[in-house]
Amino acid sequence: MNRSVWLAGLLAACAGGQAQAPAAPAPVPPAAPAAPAAAPYTDTLSVDRPQYPSTYKRRANPPVLIRNATILTATGQELSNASVLFRDGKVVAVGASVPAPADAQVVDGTGKFVTPGIIDTHSHLGVYAAPGTAAESDGNEATNPVTAEVWAEHSIWPQDPQIPLAIAGGVTVMQVLPGSANLIGGRSATVRLVPARTVQEMKFPGAPYGVKMACGENPKRVYQNRGPSTRMGNMAGYRAAFIQAEQYRARWDKWLKDKKGDPPARDLRMETLAGVLRGEISVQNHCYRGDEMAQMLDLAKEFGFKIRSFHHAIEAYKVADLLAANGTAASVWSDWGGFKMEAFDEILENAALVTHAGARAVIHTDSPDGIQRMNQDMAKAYYAGVRAGIPLTRDQAIRWITANPAWVLGIDQLTGTLEAGKQADVVLWSGDPFSVYSKAEKVWNEGWLVFDRLDPKHQYKTDFNIGQTAPGVGR
Amino acid sequence: MNTVRSVRSVRTVGRCVLAGMVLLGAAPLGAQTIAITGGTVYPVSGPKIANATVLMNDGKVVAVGTNVNIPAGAVRVDASGKWITPGFIHANANAGLGVAGLNGQGEGRVQGEVNPSFNPAEGIDPAAFTIPIARTGGITTALLPPGGPFFPGQVPAVNYAGERIEDMLIRRNAALVLDLSSSSKEAGGGSRGGTMARVRRLFDDALEYARRKPDFQRAAIQPLSAPARELEALLPVLRGQEVLAIAANRRIDLENALRLIREYKLRGVLFSAVEGWQIARQIAGAGVPVVLEPLRDIPDFDGLGARLDNATLLREAGVRVIIAQGDPGGERNLRYAAGNAVRNGMSWDDALEAITSAPAAAFGLGDYGTLQPGKVANLVIWSGDPFDFSSAAERVYVRGQLMPLDTRETELRDKYRRVPLP
């Protein structure tokens, strides 16, 4: 009974569901930071007019000084009894003693913890919005195995009541992806979790686009009657699409160089894939099985692009050495598995083993529930690794939900750590974020206090919440 | 699938070895006298006891306290610094009913909507790899509700140990399920009003059938709204001998459930109850326990009032709250669901009750859920607070037997600790 009520919803949202399978991750190099400088994304070269630009504006805020807190910087440090100061949307200083400017709001962090804002590389908030009716099922353009032409941002509903719940969990940035029905499902959008009327007001300025690709069971199930209906059919489908994209790119490159005659016809599908070939659009690849990850890494080599992250990388631990060698990250869950054949070999130590092998691990959610408690997923994966005797630090674990996902999204130069000059995406926790009992108490998004558990004035409600739902954030 | 099969057969071999020892005359493990000493015991029936001993024999708890006489020959287990709790009871479990969540491999559901006679018990696979995984979360006992709309069937209660279904079963019919949520609207012809009318028709027909069996057999009775075997299966509930577990989320559905409980004098338990907090005092007044998932806070049209402190508000009103969990991480996460209930305002002691004594009381499993002399020796030794991520189950006993904590997952982990493989 209730199984149908409870589980069905959950599983539909995640990896199982036809309509909303999760996406795959993309990649990264070994634990060493410094992402390959993501070319600042400037739309595809085949068009020079503005394309749905971000209208996000940072809110003016007084400077904030958090004192006497334990600070996890995600740069290798855990500072006790320390302070962090941010002003004008930027971190100014982190350290043992930071003098309070006269105009600063001082927050006493005694007994509390501070981390960078949490980043989810894999969300469908806005495209599979609550209350979960068919009317808002906007995540899978399941009409063709290759729909690189669709953009997730054109489906995002900023009034999704799941957004404030995620903010209350300390999430400041997420990548919203199309679902995994298709081999190539469309462009992702990297957005800030802020109150907004339009998705443009949420779009993270300067974040490169990603493209969602999906391996395995979902595409071959969705298209079993028209193909692809096998994994070999999946591979043939990616290759055919990139062969076409190579030709498209060559036509445009030639025209851009010579400027002779009429420009080639625009093709939105090819524009996205040409962006991948040019290294401007990152590949975010839903891929569960290790052997399929190896196939996809070869596909990337065949066409000369990189896979930034595999997502739902249940078997990343089996090929962690390949991930490290290819500089591809693994976005994983702590303990979800078994819900389908390709999710069968889930283990609790996945993130720990990937990290230990020198590859970049990320904890992602693909879930409107999970995104509310990403620190808990991190903690589960951390302690599982420690108990299994895998060398691992708390700092490495906190990076799974901050610095590493920032790298996957190509925004690690801007956010994801607490150090001077980074954007002030900051979470104050009621206690150790590695404990089940701790809650995000205050959340600043580029300096803007978007959530305060102790002050209802700073608890945002979407229009859907108004007049009909309970206060969602509990106590 | 081959991998799975081979791992499974390895494990079965392990069990056969244990069984062989029993046959050879070694004392069955459950019959051993075991003394767990030095730990902090949370008996649930009373306050925690520091530096206490739990004595078990023949699968039962014999004594708990600081002044326990340990017989010579008892196996001693040093639990200094550890926490000891009863084994947890998951009231909305799934492990054992089919192969994980694989499509087509489930066993918890049959077609149709009026199936009170269906019991999934014979679909339970004692060798399911999900069972040892559930035990790593301290789950020793489970209720396995069938799935599906309206009257999907009976709920068996099992221990998560044993080679055959008979070894596992505690009670075949621990409850009957009625779903009054939005999922059952179709069964009522498209409206909740229709669903309620159909429930009453079935209940009334069952009572009529019971009163007039001879007339029924002579066909001297108007046609009934379900086959005799289904009406028969409703009778224990209507006679107050069996629990009716009613799934409902919206406040109006919960109030409809309370109406049925009152009208037919049922032993009701509410399941899911997303908007339960809105009528917490009504539920408390009716003395009806609630099984719920404390992390459910996303609004939908089966419960716009979802909120994280539902468990807390119900408990504060005096409702007996039972915590369940439903995420794809599996049963093992029940303890974290309890921890999250505490995070959202519930007391730690209430949360422990909510996965031990409360489900035992609600489903008539009186021998379970506490550590007291005479109770079944299902217990767990934890490295620390069982609700937090930093702790783990170090020893799990079911009916006094120490269970292995290795799983399919730990075998995979150990195989791939170093890559590439040698």
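Ala219(B) sits in the loop between α5 (213-217) and α6 (228-238) of chain B, where helices (H or I, at least four residues) and strands (E, at least two) are DSSP runs numbered from the N terminus. The model is predicted, so local features need pLDDT of at least 70 and side-chain atom pairs count only at pLDDT 80 or more, while totals for chains, interfaces and linings use all residues. Residues are numbered from 1 along each chain as its sequence is written, and chains are lettered from A and ligands numbered from 1 in the order in which they are written.

Most residues other than glycine have a negative phi, and most peptide bonds are trans. Ala219(B), not a glycine, has a positive phi of about 60°. Ala219(B) is exposed, with 7 C-beta neighbours inside 10 Å (buried: 20 or more other C-beta atoms within 10 Å of the residue's own; exposed: 12 or fewer; partly exposed: in between; C-beta atoms are placed from the backbone). Asp366(A) also has a positive phi, near 55°, and is found in the loop between β14 (361-363) and α9 (374-387) of chain A. Asp366(A) is buried, with 28 other C-beta atoms within 10 Å.

Gly227(A) and Pro228(A) are joined by a cis peptide bond with omega of about 5°; Pro228(A) lies in the loop between α3 (217-222) and α4 (231-258) of chain A.

As for the interface, 54 residues of chain B are in contact with 53 residues of chain A, contact meaning C-beta atoms, placed from the backbone, within 7 Å. On the chain B side, α10(B) provides the largest share, five residues.

How values were computed:
Two residues are in contact if their C-beta atoms, placed from the backbone, lie within 7 Å.
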